[in-house]
Amino acid sequence: MVVSRARQSYDGVVLAVPVTVPYQRYSIETAHWWMGKALRALAEGAGISHRDFDGFSVASFTMGPDAAIALTQHFGLSPRWLDHLPMGGAAGIASIRRAARAVQAGDADIVACVAADTNQVDTFRKTLANFSRFAQDASYPYGAGGPNASFALIARHYMDRYGATREDFGKLCVAQRDNALRNPDALMKKPLALEQYMSARPIAEPFHLFDCVMPCAGAEAFLVMREETAVSLGLPFVRLLSAIERHNAFAEDPVQVRGGWVVDRDELYGMAGSAPGDMDFVQTYDDYAVISMMQFEDLGFCAKGEGPDFVRQHTLTVDGSFPHNTSGGQLSVGQAGAAGGHLGITEAMRQLLGIAEGRQVEDAKLGLVSGFGMINYDRGLASAAAILARAS
């Protein structure tokens with residue numbers, strides 16, 4: 001019998017210098033170009049050379065044939081700690097956890113966590129065709145060319161089981177668009193009304209146009225270090241209170257209705273000394289609204305099956321009763337590949353640093369950010385979450 005040890009705290013670990021390289025719908029540049037822009041912005045934001053980053057964590061779908069080790073030569077890095085995280089929307093939280101343990105152990109002092117992808121004319125199709133062995137063998141050859149069909153299956157099953165409606169999903173999408181209109185980096189610049197959402201052209205029932213994220217090119221990045229390092233550099237920072245990840249949870253469920261957050265959420269809140277109701281905002285991974293609704297349940301904001309009622313009872317804008325995806329989320333900012341799993345992190349950091357201009361949640365002290373990724377036909381395999389806190 002294996003006896004589990006209690007998780008060690010993340011005391012002393014902080015995040016600093018949130019970076020977004022503004023997205024473009026299409027780009028002729030490589031993923032490496034976007035990563036380089038992010039690294040430059042991290043170095044300039046920290047006031048040091050990029051060569052001072054002795055840890056490097058990278059997530060990308062389009063950096064092939066290179067792996068993280070090749071990027072060290074591309075960018076002139078010589079890290080003593082290196083990580084490559086092919087976990088899609090869960091990679092951002094996973095990178096935080098691994099980088100946090102590295103700096104606690106002294107294996108690195110400053111870890112640059114970078115996620116970037118390009119979007120050339122044919123990039124998305126190639127990514128879908130080579131996403132996984134499952135996609136190559138059992139999905140793509142039969143016409144299920146991407147996440148829309150898989151998530152539509154999950155959404156329809158969820159709707160049939162728990163009574164969610166398209167109007168419920170639409171409320172989430174409309175609120176996120178309202179938030180995005182306050183974010184100069186969001187690609188979606190026009191207001192979205194519920195009537196427009198409902199009447200948009202169908203994509204994969206029950207999904208219509210505004211249910212689906214828009215692939216684009218871009219980068220997100222941040223630094224992980226010890227508090228004393230941030231203080232010595234004069235950097236504003238946010239504290240990491242807790243973080244969890246879980247993979248291939250509830251494999252017995254015929255179609256996914258819950259994610260791995262359920263397994264570990266008590267430890268998530270226990271380590272942080274907080275409860276769901278203490279969060280001033282929540283940034284969920286939102287490639288589709290049904291997944292955000294699932295996270296509301298699985299992260300303890302309501303019981304399983306109560307997600308639709310939870311959405312109906314709350315306003316989800318920056319100034320609402322439940323500020324959610326305050327940047328606009330991927331549904332209105334865009335999905336820059338693996339950077340989508342880092343978008344909620346950089347936004348949470350800006351909220352807690354008080355620099356989310358135009359969309360600042362009043363007196364934000366505590367926030368939760370979650371990740372979800374690596375979809376196969378009937379489920380996503382990776383789930384993760386973290387709680388971050390204002391420094392003082």
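In the predicted model, a salt bridge joins Glu267 and Arg7, with 3.1 Å between the closest N and O atoms.

A second salt bridge is formed by Arg97 and Glu245, whose closest N and O atoms are 2.8 Å apart. Arg97 is in helix α3 (residues 91-105) and Glu245 is in strand β8 (residues 238-247); the pair therefore ties together parts 148 residues apart in sequence. Arg97 is buried, at 17% relative accessibility, and Glu245 is buried as well, with a relative accessible area of 12%.

Arg226 pairs with Glu228, the closest N and O atoms being 3.4 Å apart. Here Arg226 counts as buried, at 19% relative accessibility, while Glu228 is exposed, at 52% relative accessible area. These two residues also take part in a network of salt bridges that links Asp54, Arg80, Asp109, Arg226 and Glu228. The count of salt bridges in the structure comes to 22.

Aromatic residues were examined next. The structure holds 10 aromatic pairs, and one aromatic cluster is formed by Phe151, Phe207, Trp261, Tyr288 and Phe372. Charged side chains also lie over rings. Arg101 is placed over the face of Tyr10, 3.8 Å from the ring centre. The charged end of Arg258 sits over the ring of Phe250, at 3.7 Å from its centre.

How values were computed. Residues are numbered from 1 along each chain as its sequence is written. This is a predicted model: local features need pLDDT of at least 70, side-chain atom pairs count only at pLDDT 80 or more; totals for chains, interfaces and linings use all residues. Side-chain values use heavy atoms; hydrogens and water are left out. Rings of Phe, Tyr and Trp (its six-membered ring) pair if their centres lie within 6.5 Å; planes under 30 degrees apart count as stacked, over 60 as edge-to-face and the rest as tilted. A charge sits over a ring if NZ of Lys or CZ of Arg is within 6 Å of the ring centre and within 35 degrees of the ring normal. A salt bridge is a side-chain nitrogen of Lys or Arg within 4 Å of a carboxyl oxygen of Asp or Glu. Helices (H or I, at least four residues) and strands (E, at least two) are DSSP runs, numbered from the N terminus. Buried means under 20% relative accessible area, exposed over 50%, partly exposed in between (1.4 Å probe, protein chains only).
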